[in-house]
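Please read these notes with the model open beside you.

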Amino acid sequence: MNISKCKYLIIGGGASGLMFANTKKNDDIILLEKENELGGYCRTIYQDGFVWDYAGHFFHFANEDIKNFFRSKISDSDLVLREKITKIFYKDLVIDFPFQTNIHQLDKEEFIDCLYDLFFKNESEHYNSFLSMLYGKFGTSITDKFLRPYNEKLYACDLNLLDQNAMGRFFPYADLTKIIRNFKSEFQDSYNSTFLYPRRGAKVFIDALAEDISSKLISVGESVISINVKDKIVTTNKRNISYQFLINSMPFNSLLESIVDINYKDIINTLSWNKVLVLNLGFDKASKYNDIHWSYFPEKEYNFYRVGFYNNILGDERLSLYVEIGFSPNEYINVDEQLRLAILGLKKSGIIDEHKVISYIPIIMDPAYVHVDNKLDSIKDNIKESLSERGVYTIGRYGDWKYCSIEDSMLDAIKISQEI
């Protein structure tokens, strides 16, 4: 088997790995990507005139260095800036998201239930699970009507198994003052009230990240078989690679499974996640919902938990959707059956009527959302520290096994590059 050598071996050609490669430019690096193209979940599909990403990615860059990097690579004319419009389909209503700050849009009886339970909730300084946090902060009615059923569909697990901070800063908390303020006039203070989206899909950002990296340093279709951290040797399906520093962005569990000279079986067995079936659907005509960017579906009669409208973002005439359905890791996915149920749900919601599907592609994301458990954080941090002493660094949403944005993942890469 061929033997290669490099200073920096980067595993994973998504946003994290590519940003790290940019920080080192062409300084003795090798970047491995197991798929036949770069991007990870930021890949884009072009089919029958439709633009679909592997999942709904909408960009909310806050860091000036990240903003300036992409400004130097991407023309403003290649991007659309939208003020976010998101809705919840609840019973026979279509209300504004988030649910907890828009309970005044419910029918009177349900509104009174939510407001009463919110006022008399049993709040605590600490909660033993994500579910207990929901009840403690929002009361019984808001939790039972939306927060619990929606997140059970999203995470595909018992919410008692998730840490109270499972979604970190991305969870739309709201105190009573904000909720009541919203009764009279809409009050928007979320981290992503506006978003950017490339006219040609998320791949535009990946292409920008890859632009200055020599193609000779990138190997697609090359997957990791094993890692010996003591000898600093990675074996792939094509060769052995000797490295000085290993920068990993493949899922944390896959990294630990690949390491052959340390046994991480116990920690691997404690990690959990969900997988998501994404149905990208192109229709022959528009929908009556011509302004929604994405929408949430808490009720079990819908097999999906979220639906996104690419055409409303890009200004296209034909309805173009992504439909997301959550599953547990070992659950069998019958794609044809889920498509049938999704079409029925889209008709019931009124998103489609006599529409015809003229283009379609399913994608399974596995893992999709990792299940955050702060009790495991100290164990994970100890493993990361031990690996870093051996020149191995693991970064990004999946490499670091956390809930974070694409921008956060790129900032991880920059931080590690500065530390090495």
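1. A residue is called buried when its relative accessible area is under 20%, exposed when it is over 50%, and partly exposed in between. Glu123, at 48% relative accessibility, therefore counts as partly exposed. The model discussed here is predicted.

2. Glu123 has a charged partner. Lys121 forms a salt bridge with Glu123, and their closest N and O atoms are 3.8 Å apart. Lys121 is also described as partly exposed, because its relative accessible area is 24%.

3. How is the protein chain divided? There is a domain 1, made of the segments 4-42, 63-70, 200-270 and 372-419, a domain 2 at 86-183 and a domain 3 at 273-370. The centres of domain 1 and domain 2, taken over C-alpha atoms, lie 36 Å apart.

4. The size of an interface is often given as the accessible area lost when the parts come together. For domain 1 and domain 2 the buried area is about 650 Å², with 49% of it on carbon and sulfur atoms. On the domain 1 side, Val372, Asn374 and Tyr403 lose the most area to domain 2, and together they make up 74% of what that side buries.

5. Contacts between these two domains involve seven residues of domain 1 and eight residues of domain 2. One residue pair is in polar contact between domain 1 and domain 2. The domain 1 side that touches domain 2 has three nonpolar, two polar and two charged residues. How many salt bridges are there between domain 1 and domain 2? The count is zero.

6. Ala166 sits in the loop between helix H4 (130-155) and helix H5 (176-184). Is Ala166 buried or exposed? Its relative accessible area is 3%, so Ala166 is buried. Not counting residues up to four places away in sequence, Ala166 touches Phe130, Tyr155, Val372 and Tyr403. Ala166 and Arg397 are 231 residues apart in sequence, while their C-alpha atoms are 13 Å apart in space.

7. Ala15 belongs to helix H1 (residues 15-24). Ala15 is buried because its relative accessible area is 12%.

8. Side chains of opposite charge can pair when their charged atoms come close. The structure holds 21 salt bridges. Some are linked to each other: Lys380, Lys384, Asp400, Lys402 and Asp412 form a network of salt bridges.

9. Asp353 and Lys285 meet in a salt bridge at 3.3 Å, N to O. The two residues are 68 residues apart, with Asp353 in the loop between helix H10 (335-349) and strand E17 (357-365), and Lys285 in the loop between strand E13 (275-283) and strand E14 (294-296). Asp353 is partly exposed at 41% relative accessibility, and Lys285 is partly exposed at 35%.

10. Glu301 and Lys348 also meet in a salt bridge, at 3.3 Å, N to O. Glu301 lies in the loop between E14 and strand E15 (306-309) and Lys348 in helix H10, so the pair ties together parts that are 47 residues apart in sequence. Glu301, at 47% relative accessibility, counts as partly exposed, whereas Lys348, at 54%, counts as exposed.

Conventions: Residues numbered from 1 in each chain as written. Predicted model: local features only at pLDDT ≥ 70, side-chain atom pairs only at ≥ 80, totals over all residues. Heavy atoms only, no water. Domains from an automatic or database assignment. Contact = heavy atoms within 4.5 Å. Buried area = accessible area lost by both parts, 1.4 Å probe. Salt bridge = Lys/Arg side-chain N within 4 Å of Asp/Glu carboxyl O. Polar contact = N/O pair within 3.5 Å; in protein donor to acceptor, adjacent residues only side chain to side chain. Nonpolar A, V, L, I, M, F, W, Y, C, P; charged D, E, K, R; others polar. Helix = DSSP H or I, 4+ residues; strand = E, 2+ residues; numbered from the N terminus. Buried < 20%, exposed > 50% of the residue type's maximum accessible area, 1.4 Å probe, protein only.
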